[in-house]
Amino acid sequence: VELNALLVTCVPRGIRTVVEAPRGNLETVYPRPLVHLAVQKLLAKRSYGHALEMMRKHKVDLSMMVQLNPSEFVKDCD
């Protein structure tokens, strides 16, 4: 994000954040803390497919799936 960019909005219950650059253009960014929080919530609900898609899209380390709760992950895997 550029210097002096203004925060326009954060999407409710989402991970997108819209900022306005000094030149006036709007940009959508996905802050890492919001992505990690969303992935943790998906893994807590045992929605591994959606979590995997989000982790691949935003280049989050896939080992997070196991590290968060190894015993539940191993139990849920067939």
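I began with the largest pocket, which holds about 160 Å³ of space. This is a predicted model, where local features need pLDDT of at least 70, side-chain atom pairs count only at pLDDT 80 or more, and totals for chains, interfaces and linings use all residues. Residues are numbered from 1 along each chain as its sequence is written, and side-chain values use heavy atoms, with hydrogens and water left out.

For my own record, a pocket is an open set of points on a 1 Å grid over the protein atoms alone where a 1.4 Å probe fits, with protein on both sides within 12 Å along at least five of seven lines; lining residues have an atom within 4 Å of a point. The volume is the space filled by probe spheres set on the points, which are joined across faces, edges and corners.

I listed the lining as R13, G14, I15, L34, L37, A38, K41 and M54. Helix α1 (residues 32-44) gives the largest share, 4 residues; helices here are DSSP runs of H or I, at least four residues, and strands are runs of E, at least two.

**Helix α2**

Next I looked up the buried residues (under 20% relative accessible area, 1.4 Å probe, protein chains only) of α2 (residues 48-57), and found Y48, A51 and M55. They fall within an arc of 60 degrees seen down the axis, so they line one face of the helix; the arc is taken over directions from the helix axis to the C-beta atoms. Turned away from that side are H50, E53, R56 and K57, which are exposed (over 50%).
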